[in-house]
Every structure is written in structure tokens, then in C-alpha cells.
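Please look over the sequence and the model shown here.

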Amino acid sequence: MWSLSAEQQRDLALKLTTFLSHYSHLSDSYIIEFFSEDLWNSLPTSWQTALQDLTYPQVADLLLDVSHKDRRYPSVWPLSLLAYRATAHALAFPREHQQDGGGSVKPEEFLKNESQSSLLGHIFRKHVKPKKQHEIRKLGVLVKKLCDHTGCDRVVDMGSGQGHLTRFLSFGLGLSVTAIEADHVLVATATKFDGELLQALEKENQKKNSGSLLPVPSSMPHHLACWVNPKASWEAFIQQLQASDCVSEGVLDPSGPSKKRLRGFELKEGLPVHCTRSQDSNKDKHEEVPAETSSQQSVRREGTTNQSHSDFILTGLHACGDLSSTLLRHFINCPYVRGITSVACCYMKITTVENPSPPGLVAPPETASESDPDPALTQFGYPMSSWVHGLVGHQLSYKAREGACHAVEDYVRRLREGSELLKTHCYRAMLETFIRDTRPELRRAGIQTIKKAHLLPFTEYARLGLVRVGLPPDMALDPGRVEAMLKQQGRVVVFFSLALLMSPVVESLVLLDRMIYLQENGVDSQLVPLFNPNFSPRNFVLVALKSRGWSSKQQINP
């Protein structure tokens, strides 16, 4: 758990920006350009000599694994290389959470059954992958502790997806939850799963002949299908929470960022019916959603009347891009938000002054209102704090932020296992060279993932890849060049590992910037490595409380 003083935060930010700006040529490099940009020779000659003959397990032990103690070097490493590795490890926030089995690949809750958490009720495991089971249980318990500390029983779950966390908070922990999700298809799925879970609860209760029945929540989750405008005021955000376009009320706005969109809900013979347009017909087809039971309808009515301006906790589990920074700004500005738990992801989708519209940025729906902008909320997703904004070299490129999403622990496992998957970077870098030889303007052309590429010979991989960029699949490839580049696969792996060392450092700066933003606005925060990083790579949760007779410096033990 990281809880730093204001001075410590500023000092660490200065060290991070200094280090990252000095080695930006590594964090900004694209491994697919290894051959076309001669990346190996961009390294100091002394580094090349020390690294070129390392085995894959040695790369894992000597470069990437911060916890590895028994380092045995096959040769004398230059001090500059040792300093680079040591500084990268020292500046990054520690990612291990010791309460969860240390460095084990899977959390203890999955030792008996690798697909079912032993600590999560079976009704919350349906439709939920093991990784998400681990996350919703741990984050849910932490959110409940914040609610207990603040006396709040309301939670707003931002970027709620299919509602897995929402259901655990509501049905499992008894909280009143409003879930906001921009993708209408996901919202409809979440509502369907809510009904399934409540029916499962009722069946469990019917099996009980004694008075010890499973609890039924006091209110159903409220799902809002809407886009949260990062430039809107907190008042506009509160208005969204009170909006009537709730799936549970049977109304959906058909516009939105999803490629698959619902056209609305209508009632037919007492059943909520999902209306979609068939792709091969102009006629509507109807997909029935299970009817609500009488108790579900009762719970729904009671929950609807309880929504008001009461205080609440904001949470976001892997809220993408600017959504996490938007949550933090609403937390600071809105008087009704008492606490926040923010788990971020997709750092490459964060807006910056240098890149205000990064690839993958979710565009607002056509019906989104641009009215009521708040001048105080027109900042970009990074940096958020005035301190980091004023530091020389604070800029983070799209590539650096994309690299911060990589899973170091997963790559270490591949190295130690000598996985065939390690050859894919070399394959793509080789293909980039042949593409540029023919079409120089096709720099970093999108190939997308080629299934089981590591099991293919390079010639077959190239045939599949060339077609995707509009080049003939039978284009001649010099066998001599192919063989020579394949022999450099080890160097490709080493260079990628050197750049991967920067990933936790970049992530640390993004998260530290948010901590400093909160501190500049009078709120202390803590950064908790809540999830097992071997299981859930984006494992940090930023936790903060605004004091109302409660000290924000009090620690919340997850």
C-alpha cells in the first residue's frame, strides 16, 4: 500500500519524469521496427555485448523479475545497464500484494478449482471468468469498507459493463447501486443477468425449509445506458444519475458508441422484449428476456423510489482511458461523492495535449449534449496535476502509454518456459521489413492478430499478413534474409524486454499524477496493489475519501 506525503509525491514525480525522458527512445520504440529501424544498434555497444547471448530464462531473471535475488551474470555488465535496470525497479510502485499468496501465479482461492473462486458464492460466478471473479470479490469488499466508513449505502459503478461488480455489490453486499455503461448491448446483458441471479436466489430460498433463508436485496441495481461527458460539470453528472433512460424501466436510447446497438424495449404479452433489426430482413425480430418475478418487481419499485441526492461512493473497475480521470474530477468537485475506488486501464486512450484524440478513443454518441460544459473540466486525461504538468519531460507518448498496459509477469513466465509465443514479435518485425521494401508508406500497417502465428513457419505467416495490407501473398521473400533475421530472434526478445522494463515506470507516473491531483485538491489517497498481478495485470486501485467528520488520512486496509 502506497500512501505518500505531498513532498514525497512531488519528489518521486520528478525522479520518474527525469528517468523516463532520458530513456524515452526505449519506451517510444515499436518492436515491429526492430529490423527496419535497426533498433539493436541503437543500444550502447557495451549493452549489446552483455545481452546478445542471454538465454530466455536469463533475460527473465537478470532484467525483468524485480523479486529475483540470486542473479548470476554470464559476463560483466556495464554499470549503465545495471543502473538502468535498478532504477526502473526502484521507481515503479511495487505490484505484489502479500496477502494474496505472494508471487503465486494464481490466487489461493483458485487452488482447488482453477475456474471457480472458493471465496465467491456460486451465484456470482455465473458468466464470470476467473480473473473477473477475483477482481469483483476483492474490489467489492473494499468498496463496502468505504461505505461503512462514510455511512453511505449507495454506490455508482462507472463503466459497469455486464454488471458483474454491480451485482456483487448489490446482491452480495446489500448496497444500493447505480451502474453506468455507454454500451447499450452490455447494459441489456447486465439487466438479463440481474434477473437470472434473482431467480437463482429465489430457487435457493425455496429449497430451505427452515427460517434461514438467503437474503433478498432491498433494491435492484439501476442500469443507465449513457455516455459520461468528460467535459461536463458534476451537476450534469448528477442529472445523468437521475435520468429515466434506465433499462430497468424499459427505456433505452438507441444511439451510442457500440457497433451493436439496441433499438429499444417494448412490452409484449407481459414480457420485456428486445427489439433488433435483422441483418438479412427489414422486419423486426423479437428476443424474449425472462419475465420478472413478483418479488423482482417489488424490489424494483422500492429501489426506484429510493434514488435521491444522498451521498455515494464512486467506483470504476478498469475504467478505460479518460473515464478514470473523469471519475476523479467528479469525486473532487461533487459534494455528494464521499469516496472513490479507481482501477484504471487502457492508458493509451488517455487524452493529452500532444494527442487529444488517441486511437481507440470512444466517440460521444450523436445524441450526446455538448451543453453545460465546465471550464474547470476541459483538461486532458494526463497530466491531471499542476505539479506534473510543470515538470520538464513529463510528456508520455502514445507508445509509452500503450506499453504501460503490458503484463510484465506474463512475459516473465513465457521467458522461463521458453514459450513458442516469443517468436511472434520477430515474425512481425520481419514482415514489417518486407512490407516497407515494397510499400514504404505502409509504416506500422495494422495486421491484427494472426491466429496461432507461433505455430506457423514464417513463410506462411507472411502469406497471411501480406494479404491484410493489400500485397500479393506470393510476394517473393529472399530466403537468405529470412534465415538471417530468424537467427536474431533472441535479440528481438532482449530489446523488447529492455523496453518492457519501462512499462511499470510509466504506469507509476500516470497513477502518481492522479494522487498528486487529489493532494492538490486537499484529499489524501492511497494506492493499493489489490489484485494478484500474475492474474490481473492492472492491479492497482486508487482509494480516497473526502472527510465529513472522518480523517482522509485514516488507512483503509483492503
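This is a predicted model: local features need pLDDT of at least 70, side-chain atom pairs count only at pLDDT 80 or more; totals for chains, interfaces and linings use all residues.

Residues are numbered from 1 along each chain as its sequence is written, and side-chain values use heavy atoms, with hydrogens and water left out.

**Sheet**

An open sheet with mixed pairing is built from seven strands, ordered β3-β2-β1-β7-β8-β10-β9. Strands (E, at least two residues) and helices (H or I, at least four) are DSSP runs numbered from the N terminus; two strands pair if DSSP finds at least two bridges between them. Because β3 and β9 each have a single partner strand, one side of each is left without a neighbour in the sheet.

| Edge strand | Residues |
|---|---|
| β3 | 222-225 |
| β9 | 525-529 |

On average, neighbouring strands are turned by 15° against each other, direction ignored. Axes are lines fitted to C-alpha atoms, for helices over the stretch in contact, and angles run from 0 to 180 degrees between N-to-C directions. Strand β2 (residues 176-181) runs parallel to β3 and is joined to it by four bridges. Ala179 stands opposite His223 in β3. Helix α7 (residues 164-172) packs on the sheet and touches β1, β2, β3 and β7, contact meaning heavy atoms within 4.5 Å. The direction of α7 makes about 170° with that of β2.

**Helix pair**

Helices α1 (residues 6-22) and α5 (residues 79-91) pack at about 145°, their axes 11 Å apart. Leu12, Lys15, Leu16 and Phe19 in α1 meet Tyr84, Thr87, Ala88 and Leu91 in α5.
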